[in-house]
Amino acid sequence: MSRTQQLRDALVAHLSPAARERLAELADAVAAEPTAIGRLFPAAAREVARGPLDPADRSGLYGPTLDDSVRGVLVAALVESLDDEDAAIRELTALYRYGDGDEKRAVLRALDGLGPGAQPIVEDALRTNDIRIVAAAMGEWSGTRLDVATWRQGVLKCLFVGVPLGAVHRLGERTDDELGRMVAAYAHERLAAGRTVPDDVRLVLDRVPHVLEQFPDVAAALRPST
Amino acid sequence: MRIFDPHIHMTSRTTDDYEAMHAAGVRAVVEPAFWLGQPRTSVESFVDYFDSLVGWERFRASQFGIAHHATIALNPKEANDPRCLGILDLLPRYLAKDGVVAVGEVGFDSMTDAEVEVFTRQLELAGEHGLPAMVHTPHRDKATGTRRTLDLVREVGIEPEMVVVDHLNETTVEMVDDAGAWLAFSIYPDTKMDEHRMVRILQERGLERVLVNSAADWGRSDPLKTYKTGQAMLAAGFSDDDVDRVLWRNPVEFFGQSGRLMLDYDTTDGLAATFEGNSILRGERTGA
């Protein structure tokens, strides 16, 4: 079964019959003429569906929203139809460049499966302070493909702008001593200023506890209270 | 009081303004594309600005519980600069997007030939995209400019109910009303309209097809003027429902014609949220 079909099937339960039909029409249009996606992408949310996919994740920080998923079907149709990764990256770069905040987020959520050519899109996204775009930029593609230095900066950025670290894909697997040091240093700065530290630093620091030998204040703050 | 400010330039406003607006009852805004205080000099300048109207500013508003919409156009002043005209070719890209609820602000600044051409083209674009038009009336020689505006609207053949003519005052109300267009009033501290004169106009001609906005921008202006107008209406004997009609239902009705309103957009009250429900560590304040 094609990826487009898989994604469409996953969405079925969330869409009205009319919405399903419209999505099928749009996906077929993109399959027939890939460059049509530039024209169809903006209207896809209002013509098919928009809103949270998971009611507990209203802003789509942990995963795609409904509209991200709808647009993801069109991206899958594009990639399959072009069958040429460089051409697909070019189209996606244009979709991202000309997209509003929601369209940019949808492109970021649809990058998984693509190669290093997608990195410039992710790097641009990590320079914004729209937390929904930052969260999407630290999703599946970055969890597997983003170079470790840029990825670590991305994790720190999530801490700074308020993206929950639970939203960072493969955080546990990619945590290393250097990330541990950076996160501990951030926690130390906050404590020195008499400010709060988000609990989700534990997601990193519990993996590399030896890093806290250099930050006894952070170690103390993380110890369960008696 | 629930308030939808149909004309406010949030790019020039601070987060203090967003907080105060939310506290006063503002839950939705339309930010029209306009100029930045000094003239732009290139198409790229417009592209980045339009991108921010449908990107960063929409996000910024959402953090304060406000659903942000935009209008897109080449404004009257910059229509006179040939370096800027290329943006007209890129407008369709933006006019296709969610949350873009009208072509605007268009209209006259100094009534030049270049302005006529650009105004006409953009009214046509509005028709082509099924979008309403937001028309700015000039601050200098206003009555003449408004009359020429209405003539052009008639010539292009756009439906009057799809047009809102903004920054009206006592000398321009009747001609716009007679044309069947929507009437918008910018309530401003020292110039334009004030809330008490606004109430008088409402008493004289009723609530239909009226939009009230703060047009708050780079100049001395007040993003709470919509709220203050609501208060002035109540003080003058209008009902809560009358206030809701003018400050909420009227903007929804006019801009709803675009099919692009996103009143249920993902907004959070950032003041109430902490780190997305995570518990917070509090450390000992480190001593010297």
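Chain B averages a pLDDT of 92, and 93% of its residues score at least 70; pLDDT is the predictor's confidence in each residue, from 0 to 100. This is a predicted model, in which local features need pLDDT of at least 70, side-chain atom pairs count only at pLDDT 80 or more, and totals for chains, interfaces and linings use all residues. Residues are numbered from 1 along each chain as its sequence is written, with chains lettered from A and ligands numbered from 1 in the order in which they are written.

The model scores ipTM 0.92 and pTM 0.93. In chain B, residues 270-288 stay under 50 in pLDDT, and the model has 32 contacts for them beyond four places in sequence (a contact means C-beta atoms, placed from the backbone, within 7 Å).

| Helix pair | Axes come within | Crossing angle |
|---|---|---|
| α10(A) (residues 148-161) and α12(A) (residues 177-192) | 10 Å | roughly 25° |
| α4(A) (residues 66-82) and α5(A) (residues 85-97) | 9 Å | roughly 145° |

The angle makes α10(A) roughly parallel to α12(A) (angles under 35 degrees count as such). From α10(A), Arg152(A), Val155(A), Leu156(A) and Leu159(A) meet residues of α12(A) including Met182(A) and Tyr186(A). By class, this contact of α10(A) with α12(A) has seven nonpolar, no polar and two charged residues.

For the other pair, α4(A) passes α5(A) in a right-handed crossing. Val75(A), Leu78(A), Val79(A) and Leu82(A) of α4(A) make the contact with Ala87(A), Ala88(A), Glu91(A) and Leu92(A) of α5(A). These residues divide into seven nonpolar, no polar and one charged.

Conventions. Axes fitted to C-alpha atoms, helices over the stretch in contact; angles between N-to-C directions. Helix = DSSP H or I, 4+ residues; strand = E, 2+ residues; numbered from the N terminus. Parallel < 35°, antiparallel > 145°, perpendicular 65-115°, else oblique. Contact = placed C-beta atoms within 7 Å. Nonpolar A, V, L, I, M, F, W, Y, C, P; charged D, E, K, R; others polar. Left-handed = near helix turned anticlockwise from the far one by under 90°.
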